[in-house]
Structures are given as structure tokens and as C-alpha cells.
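Thanks for coming, everyone. Please have a look at the structure on the screen.

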Amino acid sequence: MALLKGKGAMTGVNLIAKVYKNGVTKDGKSQYADVQVDARDPRGPEQANLHLKSDRIKGDDGKTRYNNGAPYSVGQMQEIVKAAGPNTEPITDKDGNEVGTLYGFKGNVMPASRGTGLAVNTKAVEASEFKVDDKTLDNQFASMRSAREAQAAAKEVQAQAPEAEQAAEAEVEEPAVG
């Protein structure tokens with residue numbers, strides 16, 4: 001899940017929403033959307049997980065998967081679609097069939113009132129500063145991968161730092177001769 005800390009970190013965030021056609025609830029009142037911080041937003045590059053919601057789920061086959069979808073009402077989805085305007089890109093499956101739409105928009109986020117993660121305050125959404133295209137999702141994954149790699153490298157450096165400090169202290173503690 002994206003971590004937005006500090007004063008003003010949750011306001012005016014450039015976001016993208018992955019909305020699949022099959023994500024409508026049976027009663028038709030809600031639509032599940034995977035809303036993410038746009039990797040090009042200043043808050044995006046250091047995020048190892050750009051999703052506003054990310055729940056770990058263990059499948060029947062024993063594999064761990066992540067549920068990144070959060071329900072938005074039909075009215076809330078209409079606000080997101082209106083804010084995105086022409087800033088959309090079709091989501092296609094491996095056969096090239098359109099299975100959903102990617103929307104680029106900007107809004108304020110807040111802790112979700114039900115469940116976990118963050119949610120978009122759809123009362124104040126507007127056009128994004130960034131244009132979504134067929135490379136946007138690839139860029140999202142690449143940004144998360146590089147952030148994870150940078151965090152792993154930082155942990156590695158931190159793990160080695162105490163050893164270097166101990167070696168330096170050992171040198172200082174030896175009595176000086178002559």
C-alpha cells in the first residue's frame with residue numbers, strides 16, 4: 001500500500017485507476033477499481049507499492065495474491081470518469097481484447113472508512129497533470145520494482161554498517177604506541 005506521510009501528502013495526488021469491466025458488483029451499485037499513485041507524481045518514485053489498497057490473500061492453491069481493488073459507488077466512479085475526461089487508455093488482455101479502462105486523474109486521498117488502505121475523496125477530483133498511455137502500467141511496475149530494489153540495497157548497506165563501525169571502534173580503542 002502506498003505510504004503518504006507528512007503535511008499535505010494526501011492532497012492533490014496524481015492517480016490512475018484500473019477499472020475492469022467485470023469489476024461491477026452483482027447488484028450494480030458498486031465498481032471495484034485499483035487506484036494507484038501515479039509513478040510520475042512527486043510522491044511516487046520512492047513507493048515500493050503504489051496501490052491505495054493492497055490486501056494479502058492466500059488462495060485455495062496455497063499461493064499468496066494481492067487484492068488491490070476497492071469498491072466505489074456508481075456515482076463516485078462517474079466523478080472519476082468525468083475528472084479523467086479524455087485521459088484514458090484501454091486495458092487489454094493478452095489476446096488484445098479490451099477488458100477495462102485506465103483513467104488518469106488527480107484527487108485527495110484519505111484513510112478508507114471501511115476496510116483497509118486509502119480511498120479517493122471523489123467530491124474533489126480533477127484532471128491529472130500526466131497523460132496516461134499504453135506505457136503507463138509498465139512504468140508503474142518498473143517504478144515499484146526500482147523502489148523495492150533501492151530499499152533492498154539500503155537495507156544491505158545498513159546491515160553492513162554496524163560491522164564497519166565496530167571495526168573502526170576496534171582501531172580507535174588500541175593503545176597508541178610511542
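This is a predicted model: local features need pLDDT of at least 70, side-chain atom pairs count only at pLDDT 80 or more; totals for chains, interfaces and linings use all residues.

Start with helix H1, residues 74-84. Which of its residues are buried? Met 77, Ile 80, Ala 83 and Ala 84. They span an arc of only 125° around the axis, so they sit on the same side of H1. Here is the general rule. An α-helix has 3.6 residues a turn, so residues three or four places apart point the same way. Now turn to the other side of H1. Gln 78 and Lys 82 are exposed there.

What do the buried residues of H1 pack against? Five strands are named: S1, S2, S5, S7 and S8. After H1 comes Gly 85, with a positive phi near 55°.

On to the largest pocket. Its space is about 370 Å³. The lining has 17 residues. Nearest the centre are Pro 71, Gln 76, Ser 113, Arg 114 and Ala 119. Strands S5, S7 and S8 each supply at least two lining residues. S5 gives the most, with four. By type, the lining has nine nonpolar, six polar and two charged residues.

Next, the second largest pocket. About 310 Å³ of space lies in it. It is lined by 16 residues, and Asp 34, His 51, Tyr 66, Asn 67 and Asn 68 are closest to its centre. Strands S1, S2 and S4 each supply at least two lining residues, and so does helix H2, residues 136-173. This lining divides into six nonpolar, seven polar and three charged residues.

Technical notes: Residues are numbered from 1 along each chain as its sequence is written. Side-chain values use heavy atoms; hydrogens and water are left out. On a 1 Å grid over the protein atoms alone, a cavity is a set of points where a 1.4 Å probe fits but cannot get out, and a pocket is an open set with protein on both sides within 12 Å along at least five of seven lines; lining residues have an atom within 4 Å of a point. Grid points are joined across faces, edges and corners, and a volume is the space filled by probe spheres set on the points. Ala, Val, Leu, Ile, Met, Phe, Trp, Tyr, Cys and Pro count as nonpolar, Asp, Glu, Lys and Arg as charged, and the others, Gly among them, as polar. Buried means under 20% relative accessible area, exposed over 50%, partly exposed in between (1.4 Å probe, protein chains only). The arc is that of the directions from the helix axis to the C-beta atoms. Contact means heavy atoms within 4.5 Å.
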